[in-house]
Amino acid sequence: MKLISMLVAAILVGTPLQLLAQTAGAGTLSTIESLANTIQANDEKIGALNRQHLESYDAENQKLLALKKKLNDLIAEKANALKELRSGLYCSQCKRPKSEIERGGSETYQGHLRRVNGVSVPATKEHIDSKMAEYDRLIAAQEELIKKFQTEENEFTRKRADIDKQMNELRGKTDDMRAKIVALSKDYKDKVVQEAKSITLTWVDEILRTLAEKHYAEDRINIINVKLSELQQEEAKAVSELKEKVAKKVEQDKKQLNEKITTNRSRINELDQLHKDRISRLRSELNALRTKLSSIKSELQLNTKLTAEEKTAMDANSKELENRISQQVSEIQAHEEKYSTDRRQLLAEIKQAEDKIWELTVNLSSIQEEALKGLRNAFTTKRKILQDAHTARIASLERLGSLVNNKTDVYRKKQSEYDAKANNERIRLLRACEKAGCSCYGRDAQGEFNLIANNRLTCVGSMDNLHANNSVYYGCEEESVRYKSHYHSWVNGLSDSDMDALRKSSSKTRYDMILNKITN
């Protein structure tokens, strides 16, 4: 029934139903959310491109290994071909050795001889030299291909350049959208704050109307109310100053933590680069040692003309290379382990600092409230003394006081309903800005609304304490205009004897000031 009543009331006052659950900044917020979703999509694309960027290094290495394997296969095939040419495994028809015929795997050497009606014959010296020269050209061409692949632009470097370009374009678009989100978030906050000022002034006017009538019936109670207002302002200032002091301390702690994060990230970048450079050099040296070892072993295996002394020297050289390879592998493993350990340590420190920053950020209000306990207790004690005196004199004002309270409750209910809408939008804004990865205005729009709404009620309290005042005071410019209009309609009917009675109070000077201002 309550929901139905609200809907009927909305229709009667001409309020569109779709506006019941949103603020004036809802349209701007929807635009921010749309941009944030686009940024998130861009971030996902950048992540996918970055993975392709990293994967290209592995693919590039695999191709290099394949090229090197082909080179080694050619070298081995050359050695086998030389054996076969000398031993008679040579086709008299096609003039090719056994290993070359069987290279493709489509037929065996014997099957080939039968197919072409060839026979195995020893190759001539001239043909052997020609075939060896042909292999040398193939080997040289493969070595040149490897060199160009390693030193010149290839399909993998071109792919990475294209990926970098795409990522930079996406990042540029994302930065533009983030800037737009920041601008829109400021516009969102301005709209909510402007709406808050307008609707809360309308709400508070109903309270001010009754309050003016209540003040018309008040006399000496106003003195105590003035003191309550002054105490309230003093407390608000003291609370504000203490909160600001605590907030500055928290910001300083966060700044130091952010500096540590920045330093560690720089150290990680330096560590990554040093690791990349060193591991590349170590692996290159390892590959060179392995190639040299393979060459020696091939020479020992294939060269039958080596003397005993030459074999002994080459065996010694082979063992020395194996020891150096083992040492090189150990050095690479040790370096990898140290790099991983150092990097994990730096990342752990960054995570710890980020967690602490988050803790300080989300717990700021709790930290401030803890610091305010003693201050609030002192102000509570002072206020209690004044309220006890006020209670003794309030009996004659009970009806109007209750009516003011009832209208204040209605005001707070409206404030609570609007606060729920603002809080929902605040959460959406926070999520959108977090999704977009940018700092936004408007995070405090809900707080600004409540500050405005609470200040309106504070102004009611101030006016309740001070009666009416023709000059601007306590930051209640708009409220005082509305209040004075209502209050003057009552005060202008006071008789001379009523005015004289007020002047006979013990706080004559204070009341003279108030009465002079409200009657001018």
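1. Exposed means over 50% relative accessible area, and partly exposed covers the range from there down to the 20% limit for buried. K248, at 54%, therefore counts as exposed. Its salt-bridge partner is E244, with the closest N and O atoms 3.4 Å apart. E244 is partly exposed, at 43%. Both residues sit in helix 7 (residues 221-302), four residues apart, about one turn of the helix. Note that this is a predicted model.

2. A second pair joins two helices. E354 and R265 form a salt bridge at 2.8 Å, N to O. E354 belongs to helix 8 (residues 308-362) and R265 to helix 7, so the contact ties together parts 89 residues apart in sequence. E354 is partly exposed, with a relative accessible area of 32%. R265 is also partly exposed, at 44%.

3. Helix 6 (residues 155-216) holds both R178 and D175, three residues apart, about one turn of the helix. Their side chains meet in a salt bridge of 3.7 Å, N to O. R178 is partly exposed at 21%. D175 is partly exposed at 45%.

4. The salt-bridge count comes to 38.

5. On annotation: an unreviewed UniProt entry lists residues 54-84, 132-159 and 228-370 under "coiled-coil region". In the model, residues 54-84 are 100% helix and 0% strand, with end C-alpha atoms 45 Å apart. Residues 132-159 are 89% helix and 0% strand. The end C-alpha atoms of residues 132-159 lie 38 Å apart.

Conventions: Residues are numbered from 1 along each chain as its sequence is written. This is a predicted model: local features need pLDDT of at least 70, side-chain atom pairs count only at pLDDT 80 or more; totals for chains, interfaces and linings use all residues. Side-chain values use heavy atoms; hydrogens and water are left out. UniProt positions are given in the numbering used here, feature names are shortened, and annotations may be inferred rather than shown by experiment. A salt bridge is a side-chain nitrogen of Lys or Arg within 4 Å of a carboxyl oxygen of Asp or Glu. Buried means under 20% relative accessible area, exposed over 50%, partly exposed in between (1.4 Å probe, protein chains only).
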